Amino acid sequence: MFDINFKVLPLSMDASVKNHQVISQNMANFSTPNYKRKYISFDDELKRALGNSDQLKLKTNNQKHINNTPYLENVQAKILEDDSKSLRNDGNNVDIDTENSLMIQNALNYSSQSRLMTYAIQRYDTVLRGVK
Amino acid sequence: MIERINRIDNSLIQKNQNNTEKNTGGLNFQSMLKDAINDVNNLQKNANEEVVNYTTGKTTDVHQVIIAAEKASLSLRLTTEVTNKIVEAYKEIMRMQL
Amino acid sequence: MDSLFRTINVASSGMTAERFRLDVISQNLSNADTTKTENGGPYVRKGVTFQEVLNSTLKGTSQFSGVKVNEIFEDAAPFRLEYDPSHPEANEEGYVEYPNVNVLNEMIDMITAQRAYDLNASVISTAKNMYNSALNIGK
């Protein structure tokens, strides 16, 4: 019953939440010696899952039929470590301005994902309310 | 004399044809509705595609996604309203019959 | 990546570079009178140079990737000499070599760095507002 938006957008929002946690961990460890900053990988995972599953081409009504989305539900943001060299003496490669701007971008992403989710829900709402 | 009658006949036949075209205005409306529904469908598909592009990181402008979603939403609301009006009009007509 | 996010990254790299410059200025200022260093001799003023960063795999405005610190160089300007024969670092003629740090120039650089930092921060605010405006389309 629910279209692709209902599958893809919640996963994106999950990834945004994880991203926020990773960024705040980086900020908290701004002074920790030898700490390497962490970041999130999600976009490519999602792209691969959508490519594998042919979700946009096939449609099944029953999950017991051909499982054409083997990977989409399991797509999760991966936490990776950034081991690039730092300009600091203590081996810590966290740049507070970079983390701050990443946090701002992440918050904006979350806003747009929730707005798009609202649109998706509204479409069903329009039809359901309009039918008398 | 006979030629003139024939010519009058011809012009009357043409006029009749024009009238029947107007009477088949009902069929034109049906195709118009079909086109509208197709458009709405395409706009929905387009909006979904934009959302997928956005979440996989392909889009470079967020306003593109929002505008596509807004167009889909507006066209769906318009079509739903039009459909409601048609159904209401139909019910009205049904009530009028004896 | 959204083009406004790219803008935010560019501005963020500007802030990082200016903060780095401020670090160097602060080092210069605190060592403005240091007559002895580990290498022997007075403190040598340090400066930074910046370099534009471009991503040549992309086209148009997408290739703009901000700024990075190119190098920290040592200023080759001559040391300041002061006549003070009683100073432990005085040479045979009684002159002491002081660092080639000009405090006024460092202060001007500091104000410039702060101004650039603030302007970059306002670029980020503006980009955020633009993005939110897009999200409010149709509301």
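User: So what pattern does chain A follow along the sequence?
Analyst: Chain A reads α-β-α-β-α, with three helices and two strands. Keep in mind that this is a predicted model.

User: And how much of chain A counts as buried?
Analyst: Of its 132 residues, 27% count as buried. For contacts in chain A with a separation of 6 or more, 70% are between residues 24 or more positions apart.

User: OK, on to the neighbours. How many residues do chains A and B put into their contact?
Analyst: Chain A puts in 20 residues and chain B 17. On the chain B side, H2 and H3 each give two or more residues, and H3(B) gives the most, with 11. By class, that side has eight nonpolar, eight polar and one charged.

User: What does H3(B) pack on in chain A, and at what angle?
Analyst: Helix H3 of chain A, residues 96-130: its axis comes within 9 Å of the axis of H3(B), residues 62-96, and the two cross at roughly 10°. An angle under 35 degrees counts as roughly parallel, so H3(A) is roughly parallel to H3(B).

User: Which residues meet there?
Analyst: From H3(A), they include A:Ser112, A:Leu116, A:Tyr119 and A:Val127. From H3(B), B:Val65, B:Ala69, B:Leu76 and B:Thr80 are among them. The residues of this helix contact divide into nine nonpolar, eight polar and three charged.

User: Switching to chain C. How many residues are in its contact with chain A?
Analyst: 11 from chain C and 10 from chain A. Helix H1 (3-30) and helix H2 (103-135) of chain C each supply at least two residues of the chain C side, and H1(C) has the largest share of that side with seven. The chain C side splits into six nonpolar, three polar and two charged residues.

User: Which residues touch the most other members of the largest nonpolar core?
Analyst: That core has 39 residues, and the ones touching the most other members are A:Leu46, A:Leu116, B:Val51, B:Val65, B:Ala69, C:Ile8 and C:Tyr131. H1, H2 and H3 of chain A, H2 and H3 of chain B, and H1 and H2 of chain C each supply at least two residues. H3(B) provides the largest share, seven residues.

User: What does C:Tyr131 touch?
Analyst: Leaving out residues up to four places away in sequence, C:Tyr131 touches A:Leu108, B:Val62 and C:Leu4.

User: Which residues of H2(C) are buried?
Analyst: C:Ala113, C:Asn120, C:Ile124, C:Ala127, C:Tyr131 and C:Ala134. Their cover includes H3 of chain A, H3 of chain B and H1 of chain C.

User: How does the span of H2(C) compare with what its 33 residues should give?
Analyst: It agrees: at 1.5 Å a residue H2(C) should span 48 Å, and its end C-alpha atoms are 48 Å apart.

User: Why does C:Asp75 count as partly exposed?
Analyst: Because C:Asp75 has 14 other C-beta atoms within 10 Å, while buried takes 20 or more and exposed 12 or fewer.

Conventions: Residues are numbered from 1 along each chain as its sequence is written. Chains are lettered from A and ligands numbered from 1 in the order in which they are written. This is a predicted model: local features need pLDDT of at least 70, side-chain atom pairs count only at pLDDT 80 or more; totals for chains, interfaces and linings use all residues. Helices (H or I, at least four residues) and strands (E, at least two) are DSSP runs, numbered from the N terminus. Two residues are in contact if their C-beta atoms, placed from the backbone, lie within 7 Å. Ala, Val, Leu, Ile, Met, Phe, Trp, Tyr, Cys and Pro count as nonpolar, Asp, Glu, Lys and Arg as charged, and the others, Gly among them, as polar. Axes are lines fitted to C-alpha atoms, for helices over the stretch in contact, and angles run from 0 to 180 degrees between N-to-C directions. Angles under 35 degrees count as roughly parallel, over 145 as roughly antiparallel, 65 to 115 as roughly perpendicular and the rest as oblique. A nonpolar core is a set of buried Ala, Val, Leu, Ile, Met, Phe, Trp, Tyr and Cys residues joined through C-beta atoms within 7 Å. The expected span of a helix is 1.5 Å times one less than its number of residues.
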